[in-house]
Amino acid sequence: MRQIRIFDTTLRDGEQSPGCSMNMKEKIDMARQLETLGVHVIEAGVASASQADFNAVRAVAKELRKAQVTSMSRALAKDIDATWEALRHARYPRIHLLIPTSDILLEHRLKKSREEVLEQTAEMVRYAKKLCEDVEFSAEDATRSDPAYLAKVCEVAIAAGATVINIPDSIGYAMPEEYGNLFRFLRGSVKGAEHIPFSTHCHNDLGLAVANSLSAILAGASEVQCTINGIGERAGNTALEEIVMNLKTRADYYGADTAIDATQIYKTSRLLTAITGVKVQPNKAIVGENAFAQEGENQQHGVSGKSVYEIMRPEMVGLTNNKMVLGKHSGRHAFNDRVKELGYSVNLDLSNTLFKRFKDLADKKKSVSDRDIEALVRSILAQEIPKSYMLERYVINSGNTITPTSSIALTGVDGARVEKVAIGFGPVDASFNAINKIVGRAVKLEEYSIGAVTEGRDAQGEVSVKISSEGATAKGYGLSTDVIEASILAYINAINNLIYEKTRIEQ
Ligand code: KIV
Ligand code: ZN
């Protein structure tokens, strides 16, 4: 079996999709899980883009012990310096250098000639190589570049010391056969290509990102850049879980595998959803809610028991079949076991808080499902930051013939209690206005989403918000069987995150 390396760019390219930005703590949590998943390289961000990005890349670099950590950099000395400064703490660092190679980008973005780009490539790969042994070179917009020129750029990069060559389909334009042929051409004609791995990076604008990446694997590519749940700019990137399961399910066809522990796929997907609040479409392959729902087919064809239509088993991606339902009589032991089976390891403090929240919920709700437990874990993890403000109480007065009014009382870190009243378009808006008055800063609500964790009228409501204030943004998460309370908790959580991030950057 050929071994295909998985390069995960969820924290860099993936983060660029709307609503998917992550703060430092979220990036670290995600990076840890990606390492457990068995990803070979983790792209933690663009260290040279801002102080916050730099801090996040450096934190991930310091954290991981098994996976390689990389950061993308333009082919400019000052960007490479900043990138290396963030990466140098990594056990296995890699600099990811990028330069466009298509005429259209050379003319409109770089305003450089082909010759100048060749020189810059040689010079900057050499520069990066002096700092870091492992240098990946990406030819941006490779699929719209003149193949002969692209081959020349790759050759120059290899001669200057590049250790991996990446051929991105940056705008999702290529067709599978065409993309595969490009790899065949480059691997057959570029001097030095036989000694180093070639990598794919595909975008999903025409829905072909996975097909294109697989076609490149057949043509000799041995690294795939991808993201969890296929998140990414516009229509997204190649979905990691789809690549892994295609190779596993059709090993007979590809003769290739990855080092990914597939049983961690579902948990990783759920963690990303939990962190970003961006849900996976129900019919998404491998990780969508309906991906393994076979009942319809079975019934239609009169088949009972295990399906004859099954090409993968849900357990293979970590989706446990025994969706155990807990209730108010379930003990701590059964609850802790279930939390563990769902893949979470929580320390004693958190486990006590979690069990108390579970008991409170079981008093309100007939049965507590896996989804409820995951949401509880998420809400507790979201609260794991220093709390500048905590909710003490809220009182809402609303209706269709009166102006919605909310009175909110918060306590600060010093224990001081402040209560304010505000009106708004509805009870949620009124509550956010009252909180703004307490914190005394202009906070803008950028995004708000609400959903039910499970079906049923007693379901918990989960709310995700994104706020901005003085140029900084932060997200918050709230969970309650009362959706107004969930909204208030999410908003306070976002404000605490905002304050926390600001103090970290200033330190
Ligand atoms: O899409 C793209 O070209 C990229 C590269 C930087 C790899 O994301
Ligand atoms: Zn990309």
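Reply: One term comes first: a residue is called buried when its relative accessible area is under 20%, exposed when it is over 50%, and partly exposed in between. By that rule Asp-370 is buried, and Arg-338 is buried as well. Please also keep in mind that this is a predicted model.

Me: What do the side chains of Asp-370 and Arg-338 form?

Reply: They meet in a salt bridge, with 2.8 Å from N to O. This pair links distant parts of the chain, since Asp-370 lies in helix α15 (residues 370–382) and Arg-338 in helix α13 (residues 332–341), 32 residues apart.

Me: How many salt bridges does the structure hold?

Reply: It holds 36 salt bridges. One of them joins the side chains of Arg-74 and Asp-79 at 2.7 Å, N to O. There is also a network of salt bridges that links Lys-25, Asp-29, Arg-32 and Glu-63.

Me: Back to that pair: is Asp-79 buried or exposed?

Reply: Asp-79 is buried, because its relative accessible area is 5%, under the 20% limit. Arg-74, at 46%, is partly exposed.

Me: New topic. Which residues coordinate the zinc ion (ligand 2)?

Reply: Asp-13 coordinates through OD, while His-201 and His-203 each use NE2, at 2.0 to 2.1 Å. Along the chain, these donors follow the spacing D-x187-H-x1-H.

Me: How far is an oxygen atom of ligand 1 from an N or O atom in the side chain of Ser-170?

Reply: That distance is 2.6 Å. For the side chain of His-201, the corresponding distance is 3.0 Å. Of the 260 Å² of accessible area that ligand 1 has on its own, the protein covers 94%.

Me: You mentioned Glu-140. What does its side chain meet in a salt bridge?

Reply: It meets the side chain of Arg-109, at 2.9 Å from N to O. Glu-140 belongs to strand β6 and Arg-109 to helix α4 (residues 103–110), 31 residues apart. Glu-140 is buried at 16%, whereas Arg-109 is partly exposed at 46%.

Methods:
Residues are numbered from 1 along each chain as its sequence is written. Chains are lettered from A and ligands numbered from 1 in the order in which they are written. This is a predicted model: local features need pLDDT of at least 70, side-chain atom pairs count only at pLDDT 80 or more; totals for chains, interfaces and linings use all residues. Side-chain values use heavy atoms; hydrogens and water are left out. Donors are N, O and S atoms within 2.8 Å of the metal (3.2 Å for Na, K and Ca); water is not among the atoms, so sites may look incomplete. A polar contact is a pair of N or O atoms within 3.5 Å; within protein, one must be able to donate a hydrogen and the other to accept it, and residues adjacent in sequence count only if both atoms are side-chain atoms. Accessible areas come from the Shrake-Rupley method with a 1.4 Å probe; for residues, only the protein chains shown count as cover. A salt bridge is a side-chain nitrogen of Lys or Arg within 4 Å of a carboxyl oxygen of Asp or Glu. Buried means under 20% relative accessible area, exposed over 50%, partly exposed in between (1.4 Å probe, protein chains only). Helices (H or I, at least four residues) and strands (E, at least two) are DSSP runs, numbered from the N terminus.
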